[in-house]
Every structure is written in structure tokens, then in C-alpha cells.
Amino acid sequence: MLCLVVLFQIGSTPLDLLAKGAGHDAWISVLVGMACGLLLLLLVFLPLHRLQPDGTLVDMLLRHFGKAIGGLVAAAYVVFFAYRALRNVRDFGELLNMNLYSETPLAVTMLVLTATAAFTVYKGIEVLGRMVEVLVPWTIVGYLFLFALIIGTGLLDFNRLLPLLEEGWKPVWSAVPGVISLPFSEMVLFLMFWNHAGRSYSAIVKWSTLGFVVNGLFITITNSVILAGLGPMAETAELPFLQLTNRIMIGGLFERMDPVISLLLFTGVFVKITAYYLGAVCALSRLFNKKERLFLLPVGLAIYAGSFLFHSYMEEVRVGAGINAMLHFPIFQIVIPVVLLAWIGIKLSLRRLGSRPSGPERQMGGSQ
């Protein structure tokens, strides 16, 4: 659980500078966004799981909203999970073609990525869990290696992060919603997986929270390194972390870290694609009460075909980081879970009131 949470949330976020609108205070926006995301995890997502530990988000929707409304919302989540997967497929395919495989057709790159994810989904959640246990140590070593080289090259100047809050809190707060949306409220997907993690609710809370905090601090550190290394250039760079590592030059031996970056990027993005792919398949399985493998191919084809919806990488980034992150994603990541939890709480309260005996009945029961 810890490893899956860490790699899922990392994805490609270390390569980019989150909360660019906050300038050199972007790392503060990330910390605030992490705190808000943590509250969402502890007060909404995990309590929802506790109310139905053997079920998924789709089961809760069907049970508490009914087959009509609940089924419609569940179907919308299928589309949401598949859409999040296809956006990551397009992201990674474009980044590989721009930086490593310029002669390889984009369609081939995305097909290989989707097919590899499909094989992992076919094997199931347990295999995905075992895989991330192997990948996490190597990911940690890879990023520590890059950080050591960046420090060794003398690229960092933390004075570039000063003065703190130069323009006040307004830019920091304005950038927080986007950070909550991507990546911190993406933990809603785990409402599809926690029912496989055993019956110990305290263990699920412990390891999910620890993974969330570790990842949030890691992203904060990465943002700080990018700002300290590039300064104002970080706000306009397309892939600031990649641009920073390309400046590494130590004795003619360590330079051009593109292969290392690509491996780390592939690890994080692949886990995110696979998790969302699996979430869409699981949601369809629960919605129609059929085996998961029946939906493996249709969902995979939809993800692959949908990755061609965007005309260019810049359009995909504009729609994803702008329109989707601010308008559409919060509906599925925040609004619906909060409404569902509130509705369940209201139903439980009404049920307790209905089962509570009236005044005369209490007196009779007491005299007896």
C-alpha cells in the first residue's frame, strides 16, 4: 500500500513545477495543497472506506444513491478513470518522442505503453502491488542519484527562493486548488482498491497516510530544487527538472541524464496509467456484476483510441492542467465523495432516530 501510493502519486509530477503561478513560493503552495489533500484523505476517503470496507466506490454509489442515479454516477467514474489513463498515455508518449525516440511514431509508443499496462491489469491488483514493491527502491535510488549530481555540480542557489511571500499569500492560495486536484486528491482512486488490502482499517490508514505524506514532502523538495536550480526560468520551462539535470557536468563522466530521467518517468507514469486502467476495469466489473477480464480489452482500446483526441501536446497540457484540473476533476475527486459521505451520514442519523423509542415507550421499558 505504501509503495503503491508513493509511485501512483509521483507519476510525472517531479518533472514539472507545480503551482507555477506562485512564483518562487510555489513550494509553499505545494505544502498547503498537501495539507488540504491530507484532510481530504483522512476526513472523506478513508471514512468512506470504513463505512463499507468490503466494497468499492461503485458499490457505495449503487447502495446509497440507487441503481439509477448511482449507476449513472458510477458510469461517469468509469469514463473519468479511463480519461485519466489516456491523458497519461498521451503525456508519456509525447515526452518520449520529444526527448528520446524522435523517429518512432507516436502511435507505436502509445500502443506499447497501453499494451504493457493491459498485461499488468490482466494479472490483477496483487501483481501490481508486488511490482511497485520492487520499483520503489530503485526509484528512490534514481532520484537521490540525480539530487547528488545536481548538488555536486553546484547548480543550486536557495537564495532564489527568497524573499518568502514577496507578493503575499494571494498567489500562493490561488495556486493551491490546482495542486489539490493534481496530484493530491487523486487518492479517490484508492476507494476502488482498499477493499483488497485486508480487514485492518488502522493498517490501511497508517500506510496510506504515510505514503501520502512521503510523496507530498518529496514533491515539495523537488519543487524547491527546481526553483533553486533554475530560478525564474523554472516558471517558463516546459520540463524544468529535465532542463536542470541537463546542466549536470562532472568531470566529463556524468552528463546528459536523459536516460535516467526517462526510466524514472516511465516508472511513475506507468504505475499511474495502470492504476487508472485497473480502476476503470474494476468499476465496470462492479457496475455490471461481471468478471473484470471481460472489460480488459474494451477499456484498453478506449484508452488507446482516446489518446489521439488531442491535436498536439500543448493542447493536451492546456486542457488537462487548465480546464480539467480546475473544473472537471474536482467534481469526481472532491464533490461527489463529500456528497456521498454526507448522504450516508444523514441516512445513518435518520435510522438511529427512527430506531430510538419514544418517551412513553422509554418509561414503560424503564418500569418493566
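Modeller: A polar contact is a pair of N or O atoms within 3.5 Å, where within protein one must be able to donate a hydrogen and the other to accept it, and residues adjacent in sequence count only if both atoms are side-chain atoms. Here the side chains of Q333 and S185 make such a contact, at 2.7 Å. This is a predicted model, in which local features need pLDDT of at least 70 and side-chain atom pairs count only at pLDDT 80 or more, while totals for chains, interfaces and linings use all residues. Residues are numbered from 1 along each chain as its sequence is written, and side-chain values use heavy atoms, with hydrogens and water left out.

Biologist: Is Q333 buried or exposed?
Modeller: Buried means under 20% relative accessible area, exposed over 50%, and partly exposed in between, with a 1.4 Å probe and protein chains only. Q333 is buried, at 0%.

Biologist: Which residues does Q333 touch, apart from those up to four places away in sequence?
Modeller: Contact means heavy atoms within 4.5 Å, and the residues that Q333 touches include L40, F45, S185 and Y276. F45 in turn touches W194 and P337, among others.

Biologist: How many residues has the largest nonpolar core?
Modeller: A nonpolar core is a set of buried Ala, Val, Leu, Ile, Met, Phe, Trp, Tyr and Cys residues joined through side-chain atoms within 4.5 Å. The largest one here has 117 residues, and F45 and W194 are among those with the most contacts inside it.
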